[in-house]
Amino acid sequence: MRHFPVTKKDFSSNSAAHEILSLSGMLDIEGYRQRQHLPPNIDPVAHYLDYGWKEGIEPCDDFQGSFLHPYYTASGLNDAPVITWLNLLSHAGRRPPKAQEEALLRAEQIRNSPFFDATYYAKRLPSDIDPAIHYVVAGELLGYKPSDSFDPDFYMALYDDIGSNGLSPLQHYITYGQHEGRRTRSAADRLVFPQIEADGRPAIVVVLHEASRTGAPLLGWAVAQGLREKYNIVSLLMRGGALEAHFGEISKVIIGPLVWEEWSEIELTRIAQRISHLYRPLYVIANSIETRLAVPAFAKFGIPSVALVHEFASYTRPIEKMRDVFDWASHIIFPANIVQRASFASFPSLAYRRGVHVLAQGPVPLPSNLSTDHSISEKSKSQLALEKSIYEAKSRGEFLVVGLGTIQLRKGVDLFIAAAAAVKLLMPELPVRFLFVGEGYNPRDDWSYSVYLAEQIIQSNLQDYLEILEPVANLEPIYESMDLFFMSSRLDPQPNVGIDAVTRGIPTVCFAGACGTAEILAKDPVTDLLVVPHLNAHLAGEAIMKVAKDPSLLKIVRERTKEVGSISYNMRTYVDRIDDWGVEASRALRTGRIDSSFDHSSIDPELALPPGVNVPGAFGLERCVEHQWAVVGLSPDQVSNPYFRRPYPGFHPQAYAQAYFDDCVVEGHNPFAHWLRSGKPLGPWSRKVFSPQASASFSHGSLRILLHGHFFYTDSAPDLLRRLSVNKAVCDLILTTDTDDKAQRLLRLTSSYPGHVEVRVMPNSGRDIGPLITGLREELSSSTYDLIGHVHGKHSAGIDTAMGRVWRDFIWDNLIGGGAPMLDVAITAFGENLDLGLLIPEDPHLVGWDSNRSIAKELADKMHISEPLPDFFDFPLGTMFWARPEALKPLVALGLSWEDYPSEPLPDDGTLLHAIERLIPFSVRKSGFEIGGLRMPGSTW
C-alpha cells in the first residue's frame, strides 16, 4: 500500500522526531524513496514516521525495528522503533542493539548470570516477552534492575569509567567488575528505612559522621535528645561506634551506619532522596564538617541544613571539602570565634555570607548507661589506676593538675609536660601532681608522638611528678578531685571537657588563640589570668603556680569560673537556637518557592548552573535557584560560591531584592520569582539583552566602528582575528602592546585583515586600561568613531591559566563572535537603540565591589557622579565591552596619566584599575545612556 500524505511544505506533525531522524543518518532517504516509489514532492522522513514503520518497513539495512518494537512497547515506548532507539541512545549514552542477532547475543551473555534474576525481572513485563532480551534491548537503558543485587544506574554513576567503553553496566560487571571488587548496589538499597507512625510531629534529620564516644558525636546526641520531644528524630550515622544504641533510644528512626566505601556524593544523594521522600524532614542538622556530603545531598530535595562546624580550617584537609557546607548549608554554627576566623581566612567570602553564627554549646550530659558499653567496661583497670593515683596525690596533700584528651600533637601533651617542668623548676617545693588522662600513649609502638613524650618526661626528671594514664569511662572522680584543669591543646574548638570543667568552677588554664574556652575566660577580669599567651608553656606553668600557692585566690577563681561558665554555656539555649535557625531556613525555602508551571523555561541553565553540572533531576533547576538564594540572600561578594549565579540574562537577583526588601528579604520571596510575577518591572536590576536571531537582519548603517585590543601577550591575537571573521562588519583595529618586537608580530598577524589596522607601542602601565583611557584619549574624546570596543589578551594572574583562557573565550564569544556573529549583533543593537551606551557580556557570576569601593568612591566624586554607589550592580567583568565614546567621557575626563596607574606587580584586587573596571557603568549612566547585555546562547564559564 502506498501513501503520499505529506509534502515537505505542509509537514508539521511530530517535528521533533522528524528532526532527530533527519540528522541521525539512520534513514536511507534516497533508498527509501526509491523502494517506496515516492514522488519528488513527498518527504521520505515524514512518510516513514507516519506510515512506513507501521507497515514493517525498515529505515536502513542494519536496523530491525519489527523485532525491537514488541520489547519497546512492553515498556510503554510506542514511537517508531528507530525513534525509540535514537532516544535510548541519547538518554543512556551507549548504543542499544539494532538487530535481532546482536540482541540475542547480548541476552545470552547475561541470561545465566546470578545477577540476572528472570523471575524478578519478568514481574514488570507481559508474559510473552523474554526477560533477558527485554533487558538488553531496553530495560537496562531505562534503569531497570536485572535483580535485587544489581543496580545498573548506580553502577554507572559510581564508576564513571564504564560509560567510556560502551559496555552495558551488567555486562561490564560480569566480565570485569566482579573480579575487581566493584560494588553493585547503593547503600540506600541495603539500609532499612522504617515507617514513622504519624503523631503530629514533623521529622528532622541529625547526621553524625560517627557514633564514637568522642566530643562531636556526644554533642550530636545531646542536641537530638534536646529536640526529641518536639520532633521525630531521624538519625543518620555515617560510621558506627559506642553510641549507636544510645542514638537508637532517642531516635524514631536510626539509619546506618554506613561503611567507608559508601561515603560518596552518589550514595548520600540516594540516601537523602529516600529520607526526604519517606519522612519529609523539616530540616537537617549536619554535625561536623565530616558530614559535608549530606548537606548538598539534602539540598537537592529541598531540605535545608544547619551545619555545626567544630573543625578548624587550618587543619582540615583537603580544605576544599568545607565548601560543600559553606555553599549549601542555610546556617553555619561555629563554637568559637577562633574557629570562625580560621574559616574566614581560608574562605574570605564566608565573612560576608548571611547565616553564619558563633555559639558555644552547653555541658553535654552523657547517656545514663554509657559506662556499661562493652568497649568501655574493659577499661576498668584504667579506672582503678586513676582512682589510685588520685588517692595517692590527695593523701600527700598535692595540688592536682589534670589534662584530658587523646594523646596527639593537637592536644598539646608535650606542652602539658613542659608546663609541669616549668612549675617544678620554678617552685620545686610546691606540692603539685600532674595527671594526663587519654587514649593513645604507647611509647613502645607509637614512634610518631608517644616515644618523644616519654623521653621528654625522663629528660625533664618528671617521673615522680607527672603521670599519663589510660582513658576511663567515668570522668566524675576526676572532676571531683582535680584542683585545676590545664587545657594544653594547640587547636581545640570548644571541647566538652573544657565546658564541663568551667561550669563546675574548676580553674582552667589554657592558651589564647588555641581554644574556645580561652575566649570565654578572657572576657572576665578574674578568669583572664588563666589565659596565657599562645602555646607559652612556661607562662602556663606560672599561671598554675599562682593559683596553686594561694588558697584565697583559688577560692575566688573557682567561684568566678563557675559564674562565667553558667553565663556562657547553656545547652538549652544552644539547642533552641539551632531549632530556630532550622525552622527559619525551612520557612525561607517554602516562601521562596518558584512556581515551575511558568518559571522553569525562564531560567537559563547555562547561566544558573556551573559548567559540567547537568540540570538536576529530582533537584530541579528551580530548586537550585531557590536554595542558593535562601543560603546567600543579600550577602555581598559571594562569587566564590560556584552555585550562586545569575538565573536569567540581564537580571541581578540581589539588586532586585534590595529594591524590594520587604518582599524578598523580610518575607523571604525569591527575587527572580517575584520579578517574574510582577511582570518583569524595569530598574537597575535588569537590562535588555541582545542575542543572535535566525530571522534578524544585520544593520550596519553608517556607524564608524573601532576595536581596541591590548596585547601584552600576543598569543591570543590570531584567535581574535578568527572571531572577527565570522562577522559581516569590518571594524578598524588599533592594537597596542609594550615592545617593538611584539608590535612587529601583531603587524604580521594582521597583514591580511580587510580593515584599517594600527599597531601602537605604549608604556607597560595600567595593564589594558591605561592603553585605552590614556593611550586612546584622542579617539575617545573625538567624534571619529561612533562605537569603540575594548578587549585584551592578557593572561589572568589571579586565577590559573586554563581558567583564564576559559573566561576570555567566554567574553570573546559574547562580544566578538565564534559560534555566532556577535559583533554584528552588537552593531545592530546600537543602531536600533540610540539610548544604548554600553554592551557587556552576560556573565553568569555576580561580582560586587570586593575591596574596591573606597577607591571607586574617590573616583566617582572626581567624575561628579552624584548617585550613591549601590551595593549590587553589574559591570563588564574583565573590562571588555562595546560602548559609545560619549558614554565614557566621565572616565576620560579624569585625565589619568601613565604615572597615575599603580606599578607592577599588582595585587588581585583593591587597585585603581579594579575600581575603574567597576565604574564603567556609572560613567555610562552619568552620560545619559543605558546599559545592555550580549548573550550568545550556550556560552558559559
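Ala216, Pro217, Leu218, Leu219, Gly220, Trp221, Ala222, Val223, Ala224 and Leu227 are the residues tucked away as buried in helix α12. Keep in mind that you're looking at a predicted model. With 10 of its 13 residues buried, α12 is largely enclosed by the rest of the structure.

**Helix α12**
- This helix runs over residues 215-227, so to speak a stretch of 13 residues.
- From its first C-alpha to its last, α12 reaches 19 Å, which is close to the 18 Å expected at 1.5 Å a residue.
- What covers its buried residues? Strands are part of the answer: β1 (203-208), β2 (232-237) and β4 (284-287) are included.

**Thr517**
- You'll find Thr517 in helix α24, which covers residues 516-522.
- Is Thr517 buried or exposed? Its relative accessible area is 0%, and anything under 20% counts as buried, so Thr517 is buried.
- Leaving out residues up to four places away in sequence, Thr517 touches Met487, Gln494, Pro495, Gly498, Val502, Thr508, Cys510 and Tyr569.

**How confident is the prediction?**
- Across the protein chain, pLDDT averages 92, and 94% of the residues score at least 70.
- Residues 1-13 are a stretch where pLDDT stays under 50; the model has 32 contacts for them beyond four places in sequence.
- Over residues 372-379, pLDDT also stays under 50, and here the model has nine contacts beyond four places in sequence.

Key: Residues are numbered from 1 along each chain as its sequence is written. This is a predicted model: local features need pLDDT of at least 70, side-chain atom pairs count only at pLDDT 80 or more; totals for chains, interfaces and linings use all residues. Side-chain values use heavy atoms; hydrogens and water are left out. Helices (H or I, at least four residues) and strands (E, at least two) are DSSP runs, numbered from the N terminus. The expected span of a helix is 1.5 Å times one less than its number of residues. Buried means under 20% relative accessible area, exposed over 50%, partly exposed in between (1.4 Å probe, protein chains only). Contact means heavy atoms within 4.5 Å. pLDDT is the predictor's confidence in each residue, from 0 to 100.
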